[in-house]
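Subject: Model for you to look over

Hello,

Please find the structure below. My notes come after it.

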Amino acid sequence: MSQHSKKDTPTSRNRKQQQTQNADSVKQKVNAPGGGGGNQLSVNKKSNGGIPWSSNVAVGTPAGSLLTSAAAAPALIRKKSQSKLQKEKERAERETLVLWRRPVQTVRYCGLELVAIAQTSGKRLLQQRGLLAIMLVLSIILGFLCYLPGPHQLILDVVRRNTWFFIYWTGLGVLSSVGLGTGLHTFLLYLGPHIASVTLAAYECNSLNFPRPPYPDDIICPEEPYVKKMPNLWMIMSKVRMEAFLWGAGTALGELPPYFMAKAARLSGYDPDDAEELAEFEALKAKRNQKNLSLMDKGKLFMERVVERVGFLGILACASIPNPLFDLAGITCGHFLVPFWTFFGATLIGKAIIKMHIQKVFVIIAFNEALIERAVDMLGKMPILGKKLQEPFKGFLNNQKKHLHRERQPAAESGNLLSKVFEMFVIGMVCYFLISIVNSLAQSYHKRIHKKHVKKVKKIVAKD
């Protein structure tokens, strides 16, 4: 190699000086506290000792901000974990708000929640001034018509007689599915026994022309003489069709709150952890890819897929059978923004028409006179307890037949053991339902006050 090749030429020296100046300017921009620039510097592994600490870092990004964000990451994680622990602590405290653990505070919170609901509903009603004015005018007109003589009084009499009938059976349906507390099993306690009583009376009286009043409050045979004809299955179903339809329509109305709640959560985009009612749905979504699922979880996932993919017919199929998981169908429809009339129309047809006919047929067949007598005879054949269980059932059936024919019952027979047991069972279920409502309202108020506290803290932090 020659000496000329070893010496630096002027051109090469200028090139080295320019590279050195560029490197110094880059260092000054990176190290400057407010240094900026729109260019991006792709950092090589060699410039960081072979460690790829960044793949595409903007030259204009302050080094202090990178350090601050890196230091703030553990603090953010710690803040989230503390928030999660706080929520779990609040949830555990809320679960203790029940009458048998903290009766005074539970009753107090229940009353305060009722007051808060009344205030909120009143404010919303006052905001709808046009609707409020229309309702007031209609009330005045209706009150005037009630006292004004004329042919319209015949229509008003029909409305007066049937209004309570409609409200009673529709309200029982709503209470069965609305989700207040644990829900009241009104089919088992009210509608089912009513259909059974009509069936037993139809076979005993050989007629369905029960006098009204007192029907449907009390069922008795028509006064003698009357035309006797053995009613068939369709005739008995027609006799109780209105009660069953109203009850089914009420259950369809009771399914709307989960639907509206899930739809509002999807549209507003708030965290599902704030709504504990959506916890089951979120947990179910997390289990989709798991293999070892229980039979109940598999059934829930199958129903969710049917409702999501099939649409109207899927909702109709789920609503047409006795389905304790239908609340999840309402949440699924709300989450996937299924149109209201698609969901409610399918639910109403399924519950008030299809499912109610299935349940009516089952009860009427089960309480056929011949089947009941055969069941009582078979009950007496049971070892040890058979005879003891048979006597109350026979006494109950004899009392029912005597009552249908207006026969007076001796005091000893009227207090039949089986009827007393059923009455106590109904009273116990209603009391438990009321207790669950009180607990639910108290827990709702506990959630309300903690949400208010969180909002106040956020406002204070935002001001600071």
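What follows is a short account of what was found.

This is a predicted model, in which local features need pLDDT of at least 70 and side-chain atom pairs count only at pLDDT 80 or more, while totals for chains, interfaces and linings use all residues. Residues are numbered from 1 along each chain as its sequence is written, and side-chain values use heavy atoms, with hydrogens and water left out.

Nonpolar cores

The largest nonpolar core has 28 residues. A core here is a set of buried Ala, Val, Leu, Ile, Met, Phe, Trp, Tyr and Cys residues joined through side-chain atoms within 4.5 Å; buried means under 20% relative accessible area, exposed over 50%, and partly exposed in between (1.4 Å probe, protein chains only). Leu191, Val198, Phe210, Ile219 and Ile236 have the most contacts inside this core. At least two of its residues come from each of H6 (152-177), H7 (186-205), H8 (233-239), H9 (241-254) and H15 (340-366), with H7 giving the most, nine residues. Helices are DSSP runs (H or I, at least four residues), numbered from the N terminus. Another core, of 19 residues, lies apart from that one and includes Ala252, Met303, Ala319 and Leu328.

Ile236 touches Val198, Thr199, Ala202, Tyr203, Leu208, Pro231 and Ile364, not counting residues up to four places away in sequence. Contact means heavy atoms within 4.5 Å.

Surface patch

Phe166, Met242, Phe245, Val310, Phe312, Leu313, Ile349, Ile353, Ile354 and Ile358 form a nonpolar patch on the surface, and their accessible area together is about 850 Å². Patch residues have over 30% relative accessible area and no salt bridge, and nonpolar side chains (Val, Leu, Ile, Met, Phe, Trp, Tyr) are joined within 5 Å. A salt bridge is a side-chain nitrogen of Lys or Arg within 4 Å of a carboxyl oxygen of Asp or Glu. Areas come from the Shrake-Rupley method with a 1.4 Å probe, and for residues only the protein chains shown count as cover. H9, H13 (312-319) and H15 each supply at least two residues of the patch; H15 gives the most, with four. Ile358, in H15, is partly exposed because its relative accessibility is 45%.

Annotated spans

The unreviewed UniProt entry places "transmembrane region" at residues 131-150, 166-191, 306-322 and 424-442. Such annotations may be inferred rather than shown by experiment; the positions are in the numbering used here and feature names are shortened. In the model, residues 424-442 are 100% helix and 0% strand, with end C-alpha atoms 27 Å apart. Residues 306-322 are 76% helix and 0% strand, and their end C-alpha atoms lie 16 Å apart.

Thr106, in H4 (residues 103-127), is buried because its relative accessibility is 0%. Leaving aside neighbours within four places in sequence, Thr106 is in contact with Leu97, Val98, Leu99, Val438, Asn439 and Ala442.

Backbone points to check

Most residues other than glycine have a negative phi, and most peptide bonds are trans. The loop between H7 and H8 holds Pro216, Pro225 and Asn206. The peptide bond from Tyr215 to Pro216 is cis, with omega near 5 degrees, and the one joining Glu224 and Pro225 is also cis, with omega about -10 degrees. Asn206 has a positive phi, near 55 degrees. Leu337, in the loop between H14 (326-335) and H15, has a positive phi near 55 degrees.

Regards

Terms used: Patches are made of residues with over 30% relative accessible area and no salt bridge: like charges are joined within 9 Å, nonpolar side chains (Val, Leu, Ile, Met, Phe, Trp, Tyr) within 5 Å.
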